[in-house]
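Please open the structure in your viewer and keep the sequence panel beside it, ready for selecting residues by number. The tour goes from one stop to the next.

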Amino acid sequence: MEYRYGAPSTLSDNGFPTLYQPSSRRFDNHGNGSGWDYQIGSQDPSKNDYFSNHAQLLFVPDAITHPGLAVLQTLVMGEGTVSEKPELPWVYYGQGNPIPDLITRLNYVILNGGPLRQATAIANSYGQDTWSANSLITFQSGLVAAFGSNTAPGNAAVKLAPGKVPTAISITPNNEFALVTVWDTNQQKGQVAVLALGTGNTFWGDWSVNYPGLRNLGLFTFIKILGYVDLPGMTQPTEICTATDYTASSDDNDGWLVSADGRDRRYQARDLYLNNEAARLSFASGANQGRYARSGYATIISKAEKKVIFLDLKPLFAQIHNMYFTSRSNFLLTQNTGMLPNQWPFTFDVAPNSAPTVAKVVDMAQAPTAVRNNIIPGRNQAYVATQDGTLHLFGVGGYGTTNGGTPADIREVGSVAVGSNPTSIAYSKNKGTNNDAGTCNIGKELIVCSRGERAIKWVQLNGNTATVTKTLRDTRLKDPVWVQDNDNHGTEVPVVSITDYSGKQLINYRYGTVYFHTNGGNTFPVGGNGQFECGGAYPLQGRPFQVSGSNVP
């Protein structure tokens, strides 16, 4: 863990503020479980609205028999109240952590060859209000498994080939693919495993048929390993991030599909059965043309080798377009889905031209420690943090478009100081407005965790420049290594969740005004006359290093 995230900060609490923390009251859940603590608003049953976020948390457990995986509720809004304190989800009250039905699922244990141990990485898809029902979690054994919430439990998994140890994972913005960085301990080389993802369960209007590689809502029922891409000169990849030329909720229709005749612009995927030729052709040249990804790129870093590798994902997405949306005969081949190499989606052995290719290898003067891509189409940038405390901005040119790019397009275009030993980068999801129709800050703002400075920093993006706009420090926050911004739904609640490694806790902080978009439109500024307030913490029997979650559907 120290190799991966560097040494803990040596800074003491001297000069650090102790931020305001509001008191908690207990939410009366009307006989449905025990309720939960809330800190904002007053409970009024006539204000019948609700949302919650669940997250999977990875940690190094004190007990070696523990899987190092927990499920927590990181944000709840209900009946005019908001809980900004992480705690056990009320639906699992009394079961403890880990939640038994999420961790001991028999099919996962059988596939893994024994109990789940030593989780290494976690990912959800990201986008402006993009659905991401499941997280994908990798384990040192090579297992890659889906986990979710009580209403969207994961139930799909695969296991990498023997000797391939997963170190990081990224899901493309519309849940089409997962890319997993691998240390191949047998052949002593670094690779990226490419996994096709599918659903086919009509979950909240998702596809009624499994269409692997197409946009979906992330309640995975299908995962297939397509193959492995070698990383030249890189044996130890440590992080990865993906981006595509399209994200569903950033288009001109707020993520909705359109009926085949173009008349109804609020159509769901379940209403577009692609075996109907009119529906299929609407994606080729009709009302849904351009409402799916056609290209993209991945950015991979190696801390030890001081390298960044950029992958061109266009061959992967070109295969999806060619098989689903060109000839009828091609489409019919996609109806034979399965795990055999020649079943859809085809492995790289069968369709070698569909494999991502290496676009460029960049040597860095300092060790890269974290990476994110700009997932808003047209921004075409990657952000690489290095251990000396610099955030490097890279332009990627046409690799983020259907036109494609050239290696010369990929170059560093700017930088900004973000604090020593930056260990993670998060997307800002806050809209910062009481207008529910407003756009969130994904693509405009990043949140960087500086372990060396015991600080969380907000970085405003503006073309080829970036500026740190505010910095969070608190005496309670001892050793931050990972940060995630929370999803919002019906109410704007800007809250980050932070893994405090040596502090053995997940801790939440609010960084802006709460806006109720329902229930009368109340607003609640940050307490204590400051920029931040501490929402509370959840203690763990171990040291947390990653957290990822989403709105519970």
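This is a predicted model: local features need pLDDT of at least 70, side-chain atom pairs count only at pLDDT 80 or more; totals for chains, interfaces and linings use all residues.

Residues are numbered from 1 along each chain as its sequence is written, and side-chain values use heavy atoms, with hydrogens and water left out.

Next, select β7 together with β8 (residues 135-139), which run antiparallel and are joined by four bridges; strands are DSSP runs of E with at least two residues, helices are runs of H or I with at least four, and both are numbered from the N terminus. Two strands count as paired if DSSP finds at least two bridges between them.

Now widen the selection to the open sheet of four strands, whose order is β7-β8-β9-β10 with antiparallel pairing. β7 (119-123) and β10 (157-159) stand at the edges with a single partner strand each, so one side of each is left without a neighbour in the sheet.

Move on to Gln188, in the loop between β12 (177-184) and β13 (189-198), where this residue, not a glycine, has a positive phi of about 55°. Gln188 is exposed, with a relative accessible area of 58% (buried means under 20%, exposed over 50%, partly exposed in between, with a 1.4 Å probe and protein chains only).

Finally, select Trp344 and Pro345, which are joined by a cis peptide bond with omega about -5°; Pro345 is in the loop between α6 (328-333) and β18 (357-363).
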